[in-house]
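Open the structure in your viewer and keep the sequence panel beside it. This tour goes from stop to stop, saying what to select and what is there.

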Amino acid sequence: MVFVKNEKKRFQVDNLKKERANVCGLFWKSYDQKNRFMVEKMLKEEIEKKSNRLLFDLFWKADSKHLFIGEGDLPFDKACLLRFTDTNDLINFLESPILNKLQEFFKNNGDKLEIMVLKERPLPKVLKLLIVIFKALGKLIPFSKFKGQKKNDFENFGGINPRLDQINSFKDSKLEGPYHMINFLSFKGKQGFKDYQKYGLVALRGVIFLGGRLAFIGQVINDTEDEWNQLAIMEYPTIDSFMNLVHMPGYAKATFWRAKGLLKTLLVISKPSNKS
């Protein structure tokens, strides 16, 4: 899986400033086990430098465990998100010796390092209030025990949905929570984004009912090979909590809007190293 187009000039500075990008995502795959921690090591060394002028916070990192939606092997072993104080600091990082050093290191070792530039999307105050209410309701009402009778889109296998073998592999993984679902989303234009929002609000409500949360959501700013528009990371406390999402009130009906809005998606199950 290739995230970023192989163009000579991958980051348009004017566009980053216009969109007020403030987050950089790093995704890497190392065939040598020793190299898998190189990104974190080099970033940590940079942060600890007294002369460090790259103002960023490594606020999220995770190890990928399963490919739940998508073809082929896991596209990356590890991932992290860096949040910058402003767009200028982000641009300085993209042009910095530390990033060039990282890219050269992975290239020389035959490994892969992909970069995604994002604009974090803060949730509206009204939605934050609703999340508090949903969380309280989830503790009072055993929503996970309600079994919906209406078919949902996840019963169609493949494409924007998981295959049956991917579902069974996840169920058999015995992965201990909490874990994070890393969602790469590509929409069918502006209307597709609006359609998906109708699904997203219902899905988020279900996640909160089940004791989960939205760990991160951001708009993709740079060009990517698969034309990703959005990155969303959802946290679930257990495997059962995720599998019960399809039984949440209104979820089955809302998957119509998911299918209508999504062009394609990639979903990687990961184990967070720390919480955002």
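In which helix is Ile133 found? Select residues 125-140: this is helix H5, and Ile133 is found in it. Helices here are DSSP runs of H or I with at least four residues, strands are DSSP runs of E with at least two, and both are numbered from the N terminus.

Before going on, note that this is a predicted model, in which local features need pLDDT of at least 70 and side-chain atom pairs count only at pLDDT 80 or more, while totals for chains, interfaces and linings use all residues. Residues are numbered from 1 along each chain as its sequence is written, and side-chain values use heavy atoms, with hydrogens and water left out.

**Stop 1: the surface around Ile133**

Ile133 has 40% relative accessibility and so counts as partly exposed. The scale is this: buried is under 20% relative accessible area, exposed is over 50%, and partly exposed is in between (1.4 Å probe, protein chains only). Accessible areas come from the Shrake-Rupley method with a 1.4 Å probe, and for residues only the protein chains shown count as cover.

**Stop 2: the whole chain**

Select everything. The chain has nine helices and eight strands. Of its 276 residues, 48% count as buried. Its accessible surface comes to about 14,500 Å², and 52% of that belongs to carbon and sulfur atoms.

**Stop 3: the cores**

Select Phe68, Phe170, Tyr179, Met181, Tyr236 and Ile269. These have the most contacts inside the largest nonpolar core, which has 34 residues. Helix H7 (residues 189-209) gives the most to this core, with eight residues. A nonpolar core is a set of buried Ala, Val, Leu, Ile, Met, Phe, Trp, Tyr and Cys residues joined through side-chain atoms within 4.5 Å. A second, separate core has 27 residues, among them Leu16, Cys24, Leu82 and Ile115.

Which residues is Met181 in contact with, leaving aside its neighbours within four places in sequence? They are Phe170, Ala232, Ile233, Met234, Tyr236, Phe242, Leu267, Val268 and Ile269. Contact means heavy atoms within 4.5 Å.

**Stop 4: helix H9**

Select residues 251-261, which form helix H9. Its buried residues are Tyr251, Ala252, Ala254, Thr255, Arg258 and Gly261. Look down the axis of H9: the buried residues fall within an arc of 150°, so they line one face of the helix. The arc is that of the directions from the helix axis to the C-beta atoms.

**Stop 5: backbone exceptions**

Most residues other than glycine have a negative phi, and most peptide bonds are trans. Select Gly177 and Pro178: a cis peptide bond joins them, with omega about 0°. Pro178 is in the loop between helix H6 (164-172) and strand S5 (179-187). Lys174 is also found in the loop between H6 and S5. Lys174 has a positive phi of about 55° although it is not a glycine. At 72% relative accessibility, Lys174 counts as exposed.

**Stop 6: salt bridges**

Side chains of opposite charge can pair when their charged atoms come close. A salt bridge here is a side-chain nitrogen of Lys or Arg within 4 Å of a carboxyl oxygen of Asp or Glu. By this rule the count comes to 10 salt bridges.

Select Lys29 and Asp77, whose side chains meet in a salt bridge (3.8 Å, N to O). Lys29 is in strand S1 and Asp77 in the loop between strand S2 (56-69) and strand S3 (78-84), 48 residues apart. Lys29 is buried, with a relative accessible area of 15%, and Asp77 is buried, at 11%.

Next select Lys260 and Asp195, which form a salt bridge with the closest N and O atoms 3.3 Å apart. Lys260 lies in helix H9 and Asp195 in helix H7, so the pair ties together parts that are 65 residues apart in sequence. Lys260 counts as partly exposed at 40% relative accessibility, whereas Asp195 counts as buried at 3%.

Finish with Glu40, Lys61, Asp63 and Lys78, which are linked in a network of salt bridges.
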